[in-house]
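Have a look at the structure, then read on.

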Amino acid sequence: MTNALSIRGKYTIDQFMSSETIGGVSVNDDNQTILYASDESGVFNAYTVQVDGTNRTQITQSTNDGIYPVTYLPRSHDFIFQQDHEGNEISHLYLYQSNGLITDLTPSENEKASFLQWNHDRTGFYYLSNKRDARFFDLYKMNITSWKAELVFKNEDGLNVETVAPDGKQLAIQHTVTDNESNMYIYSYENGLSQLNDQPGEAEFIPMMFSQNSKELYFLTNESSEFLQLKKINLATKDVTLVADENWNIESARFSPQYSFLIYSYNEDGQEKLKILSQGSIEFQPPELPEGELIEIKLSYDEKAMTFVTNSSVTPTDLFGYVPTNNQIYRLTNAQHPDIQSEELVKADIVRYQSFDGLTIPAVYYEPYLNKDEKAPALVLVHGGPGGQSTTDYVPMVQYLVNQGYAVMAVNNRGSSGYGKSFYKAADKQHGEIDLQDCIEAKKYLISTGRIDEERIGIMGGSYGGYMVLAALAFQPDSFKVGVDIFGVSNWERTLKEIPAWWESGRQALYKKIGDPYHENDYIRSISPLFHADHIHKPLIVLQGANDPRVLKIESDEIVAEVKKNDVPVEYLVFEDEGHGFTKRTNQIKGYQAIKTFLDEHL
């Protein structure tokens, strides 16, 4: 890709980060009111807007911890929301009443809770909680008249309850064996637990939802494909039927409230797509939206009103209201900062390059607007995970850096999701090694464009991507000019031993992917940058949340201390009120501006 025009507006980090972020959409039973989360105030709060775009109102007033709406209560403007404390991920469920009263529904001090679904008649809802045992999530049902909860399923084996049948008599459950293999079960009060899949070998089985009559279970699996397909199984006969196959991973599926439509999303080469399948005589074709790609649809309970969610690489997530009876579309939000012209930003370009062994590696590439014969500095950006994926979604920090003249190449190195199960497991027990080579090979593509200065290429990433930054600087110290580490792992031995208690069901799967810190200690240390920090001699900036439960602050403390011994330029920013990811706008602006200043000086 080559951008021929160089005269474009330059925008500040404040403008980019002041673009609104939106999520958590729910449609009220009145078919008029839309509830959603927005960080317009600088912290996520609950907002409402009418389906025709009028009467937008901020409902909650948090100034510290983000509030994330989950769902309206039936026939009410009261709603349930989720909130943790300063990024510690110990989230509780709260009831917000229209008189302003807020009640903690899951008040145990260290209880981590999450909403699962409503029961069939909406007299109560199911939720998951680890209050009995911090390691495992039990299933509870809460009555919304008495607000009393009852234990429905005691989870003592590290299982994952995925969905409850409409008849309330069956649960669909998944058990993770490895990141590449899982089993699927049905639990009933009469017959207990029974396994549904009998396919030998590595395959995933992920329950999605039951049919309306509770006789069929829809699930995702890659048992006969490189990609996750949507299938259904008749629970009486055990006959399996293919429902949808996209030759890409289908990532989620659900029925609309009245079962008129089956809605599923899939990941096509890093771009989220949505399909709506009619389940009867009703036919529905989503209307043409003014901009962006349709990535979500939410319907009211009677399906007479709905919202669409859109996103693109140059436009933030926006909401649109729609009333099928009058076929009218209403824009509910305009999330982009009013001073930013989306057409002046750089659209994501999907590219591919050959790695050292001939394997094709996909990447999302952003090349800044350049004058003739001008060459730009560049960053290889590595996603989190390790099994994450760089996509074409709007990323304000990336657009800011590109707008300021930096090329960004977001690599999907082997081990990334979205490109088939073989590609996903191709880096198992070789992290910081074979996947790092894929990142280094990305430089060749950048240089081949003729638009990048080969002497000014750095590496940046968050979480697992931050680990890859440290691995690059420690194990391939001359490969990149600088490193930008955002809460990255420096010592796998500690991180793997001290994962949060609530990750217990996936602990062994993580060990099989990265390594076992109890039985493969020498190997674990060999891929941990902290024990090789004396090799780091390129400038480094590190950003860390003090309350991060996944990558503990000590991971960054220690690597910074060790690299400073090398007389290397090191900058370190710690945000005392953040966890694994920065959600407060003031912190985002401060952190990302620091990255830009660091890059301007050293790259």
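Which residue in β20 is the bridge partner of Lys231? Keep in mind that this is a predicted model.

1. **The pair β19 and β20.** The partner of Lys231 turns out to be Leu242, in β20. The strands concerned are β19, covering residues 229–234, and β20, and they are joined by four bridges. They run antiparallel to each other.

2. **The sheet around that pair.** Zooming out, there is an open sheet of four strands, ordered β17-β18-β19-β20, with antiparallel pairing. At its edges stand β17 (205–210) and β20 (240–244). Each of these has a single partner strand, so one side of each is left without a neighbour in the sheet. From one strand to the next, the twist averages 35°.

3. **Helix packing, geometry.** Two packed helices are described by the angle between their axes and the distance between the axes. For α2 and α10 (residues 585–602), the angle is about 30° and the axes are 11 Å apart. Angles under 35 degrees count as roughly parallel, and therefore α2 is roughly parallel to α10. The crossing of α2 past α10 is right-handed.

4. **Helix packing, residues.** Which residues make the contact between α2 and α10? On the α2 side they are Met397, Tyr400 and Leu401. Helix α10 brings Tyr592, Gln593, Ile595, Lys596 and Leu599. Sorted by class, the contact of α2 with α10 has six nonpolar residues, one polar and one charged.

5. **A cis peptide.** If you check omega, stop at the bond joining Gly385 and Pro386: this peptide bond is cis, with omega about 20°. Pro386 sits in the loop between β30 (376–382) and α2 (396–403), and that helix is the one packed with α10 in the points above.

6. **Positive phi at Glu86.** Glu86 is not a glycine, yet its phi is positive, at about 50°. Where is Glu86 placed? You'll find Glu86 in the loop between β6 (79–83) and β7 (92–96).

7. **Positive phi at Lys429.** Lys429 is another one for the backbone list: phi is near 60°, which is positive, and the residue is something other than glycine. Its loop lies between α3 (421–424) and α4 (434–448). Is Lys429 buried, exposed or partly exposed? The relative accessible area of Lys429 is 30%. Buried means under 20% and exposed means over 50%, so Lys429 counts as partly exposed.

Notes
Residues numbered from 1 in each chain as written. Predicted model: local features only at pLDDT ≥ 70, side-chain atom pairs only at ≥ 80, totals over all residues. Heavy atoms only, no water. Helix = DSSP H or I, 4+ residues; strand = E, 2+ residues; numbered from the N terminus. Buried < 20%, exposed > 50% of the residue type's maximum accessible area, 1.4 Å probe, protein only. Pairing = 2+ DSSP bridges. Axes fitted to C-alpha atoms, helices over the stretch in contact; angles between N-to-C directions. Parallel < 35°, antiparallel > 145°, perpendicular 65-115°, else oblique. Left-handed = near helix turned anticlockwise from the far one by under 90°. Contact = heavy atoms within 4.5 Å. Nonpolar A, V, L, I, M, F, W, Y, C, P; charged D, E, K, R; others polar.
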